[in-house]
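Here's a walk through the fold, one piece at a time. Keep the viewer open and follow along.

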Amino acid sequence: MQGQTQSISFDGREIRLTTGRYAPQAGGSVMMECGDTAVLVTATRSTGREGIDFLPLICDYEERLYAAGRIPGSFMRREGRPPERATLIARLIDRPMRPLFPSWMRDDLQIVATCLSLDERVPADVLAVTGASMATLLAGIPFQGPMAAVRVGLLGDDFVLNPSYREIERGDLDLVVAGTPDGVVMVEAGANQLPEGDVIEAIDFGYEAVCELIKAQQSILKDAGIKQVLPEPPTQDTKLSTYLEKNCSKSIGEVLKQFEQTKAERDSKLDAIKAKTAEAIDSLKEDDAVRKSVNANSKVLSNNFKALTKKLMREQIIKQGKRVDGRKLDEVRTISSAAGVLPKRVHGSGLFQRGLTQVLSTATLGTPSDAQEMDDLNPGPEKTYLHHYNFPPYSVGETRPMRSPGRREVGHGSLAERAIIPVLPPKDTFPYVLRVVSEVLSSNGSTSMGSVCGSTLALMDAGVPLKAPVSGAAMGLIKEDAEIRILTDIQGIEDFLGDMDFKVAGTKDGITALQMDMKITGLPVKTIAEAVNQARPARIHILEKMLEAIDAPRTSLSPHAPRLLSFRIDPELIGTVIGPGGRTIKGITERTNTKIDIEDGGIVTIASHDGAAAEAAQRIIEGLTRKVNEGEVFSGTITRIIPIGAFVEILPGKEGMIHISQLSEARVEKVDDVVKVGDEVTVRIREIDNRGRINLTLRGVPQNGEETQSEPAPTPVAPLN
């Protein structure tokens, strides 16, 4: 079980790559280690399948909770369905890997990254992405790599490579850059309203580090005697494509130049041309090569027809600067926005439409106990903002079974979530847990950015005091040799024909989220900078249209949203509020009909639809946690009587006892000879014993309108910071 371990000195850290020791039956495997984080990445190839027209690539990221010394919290006490974070990391591996495999490959490929040990100073995701490249190269799979990924953080004015989880949380940027020798191939980022220039500089900074990792992989392959070879693509019969180009180019081109038509009209005309072409091919002689190729595979005509359509659309953009709907390259589709489109049973709602893309977003306000507990390797214990994205089949005019959310839905929801988080109000001023759901009602490109816009409308309609509204736009790119065209606000067909899908979200002050995926092997940072800068006026234009529907958050919440009161108590007194077996806090909730949450730091949050009830619960808790001193005088009510004395509630929820000997200057035979339950009395604290029990006295304390000592003002509750 001897393997080879090589180290890469990288930004003051050592990354160790062990090959030839683990998973010997996998096509290729590498153990990626940095600090105490260890990720095993394997790449395996199976025989190609007949009759498919896509690359069957599967990327999986597996979390094992033993990696952090934890036992799973489920009933079965073992890992089950991958958590959302694992799904997102699997997508992070897939997105830069997929465009680097030859377009003609039809072999089954599977990349599996398993996190075996986690050091909180070293996130595992970028190690897994780089490991995927190394394992694929070791497996001898045709691959246009090497590829590597790094994370860039921003602490103060300094960029930090591969920051720890805590540094990511403290910083203003969380950027993942993946690249090849040809350029940047993938970007994923969340930012705290950073200017475009800062984000571009961070991408450039990250790509320089990526190049170091690429050179290290090339060196390791050379030392191992592995030569990277890309086989020649299989010979293809071009007779059909030549036939289509000769007989269909003119008719397809005429359809593409009809800029005023709708998507449905254009698709119908193209389908008619394809059907007519099929009939013409069917009428050819039986031994004709074109007819034979079509009859041999029912998909071949459709695939070649799509390829020709794509080629003609790209030429139209490159040579004429005209898009299929007649827009200029930097023009945004028609926009409409509305807020409060649903009844107020839904706490907030927004409807956003751009062209044929329409998204309905809803916002729900919950209490702290509604936070999502995270049972994964992420150090964060819970999520207080959740963004869910749904993509039903009717949104594209199709039918298919409705199942649980897939990777695409999880990824788009996460991107919209990341775009909104930087503008959410602080927890201490707005302690609600928030859930936004984006329902895609119609899709023709850029639904994730439509979700960002619709969700901003919904949150403002719900009365959430956002720091700033957020909008987003998707950018595209066409690259033919040295010719490059950047497209603003791409629609579905432009995503299909283009080489890049670059989503940019942000406020008027800066960027909050980025996501860039490529269909080519890389772009220079300069071109990416042009796309980022071209996205800004589009974002601002979209934002202005949104603000016509609602220009500021509502000043009042929905009547059906819970009301929250939040304040801080001494953490040492949390047990006093909870009481033995939770009896005290349960009694308060039943008495006031409220819901109470207490955090370890002493922050108490009270939820109720009745503001007066919430205030009553707050008074009780403040009374329970107020520290009293010997000699203080209070007015209270007799709550119960026992043979040796009477109990008085001196503060809401806090009682003391008057011993029978302290009821009067004279001897008292029976307690109820002096006081009865419900009587209002003025008492002084005689002593507080070593068990915290409060002993009271009536002796020497004037009663019933006599000259009395005034009750001291309650100690103010410490405000939330």
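## A hairpin and its neighbours

Strand β18 (residues 471–480) pairs with strand β19 (residues 483–488) through six bridges, and the two run antiparallel. Strands here are DSSP E runs of at least two residues, helices are H or I runs of at least four, and both are numbered from the N terminus. Two strands pair if DSSP finds at least two bridges between them. Look at L477 for an example: its bridge partner in β19 is I486. Together β18 and β19 make a hairpin with two residues between them, and D481 in the turn has a positive phi of about 55 degrees.

β18 also has strand β20 (residues 500–506) as a partner, with seven bridges in an antiparallel arrangement. There, A473 sits opposite V504. How much of β18 is covered? Mostly covered is the answer, as eight of its ten residues are buried. Buried means under 20% relative accessible area, exposed means over 50%, and partly exposed is in between (1.4 Å probe, protein chains only).

## What you're looking at

This is a predicted model, where local features need pLDDT of at least 70 and side-chain atom pairs count only at pLDDT 80 or more, while totals for chains, interfaces and linings use all residues. Residues are numbered from 1 along each chain as its sequence is written, and side-chain values use heavy atoms, with hydrogens and water left out.

The protein has 721 residues, and buried ones make up 50% of them. Its secondary structure comes to 15 helices and 29 strands. Along the principal axes, the C-alpha atoms fill a box of roughly 125 × 65 × 45 Å. Of the contacts between residues at least 6 apart in sequence, 69% join residues at least 24 apart; contact means heavy atoms within 4.5 Å.

## The six-stranded sheet

Six strands line up as β1-β2-β3-β4-β6-β5 in an open sheet with mixed pairing. β1 (4–10) and β5 (57–63) are at the edges with a single partner strand each, so one side of each has no neighbour in the sheet. From one strand to the next, the twist averages 20 degrees. Angles run from 0 to 180 degrees between N-to-C directions, and axes are lines fitted to C-alpha atoms, for helices over the stretch in contact.

Inside this sheet, strand β2 (residues 13–19) and strand β3 (residues 28–34) run antiparallel and share five bridges. T19 has V30 in β3 as its bridge partner.

## Helix α1 and its crossing

Helix α1 lies across β5 and β6 (109–117), at about 145 degrees to β5. α1 (residues 84–97) also meets helix α9 (residues 407–420): their axes come within 10 Å and cross at roughly 95 degrees. That makes α1 roughly perpendicular to α9 (65 to 115 degrees counts as roughly perpendicular, under 35 as roughly parallel, over 145 as roughly antiparallel and the rest as oblique).

On the α1 side, the contact uses E84, T87, L88, A90 and R91, while α9 brings R407, R408, V410, G411, H412 and S414. The residues split into three nonpolar, four polar and four charged. Here Ala, Val, Leu, Ile, Met, Phe, Trp, Tyr, Cys and Pro count as nonpolar, Asp, Glu, Lys and Arg as charged, and the others, Gly among them, as polar.

## The five-stranded sheet

Another open sheet, also with mixed pairing, has five strands in the order β11-β12-β13-β17-β16. Its edges are β11 (335–339) and β16 (385–390), each with a single partner strand, so one side of each is left without a neighbour in the sheet. Neighbouring strands are turned by 15 degrees against each other on average, direction ignored.

β16 and strand β17 (residues 433–442) run parallel and are joined by six bridges, with N390 bridging to E439 in β17. Helix α10 (residues 447–461) lies across β11, β12 (348–354), β13 (357–366), β16 and β17, running at about 145 degrees to β12.

T277 is in helix α6 (residues 263–282). Is T277 buried or exposed? T277 is buried, at a relative accessible area of 7%. Leaving out residues up to four places away in sequence, T277 touches Y243, L244 and C248.

Q703 lies in the segment after β29 (694–697) and counts as buried at 16% relative accessibility. A polar atom of the Q703 side chain lies 2.5 Å from the backbone oxygen of T682, and one lies 3.2 Å from the backbone oxygen of V701. Not counting residues up to four places away in sequence, Q703 touches V681, T682 and L698.

Terms used:
A polar contact is a pair of N or O atoms within 3.5 Å; within protein, one must be able to donate a hydrogen and the other to accept it, and residues adjacent in sequence count only if both atoms are side-chain atoms.
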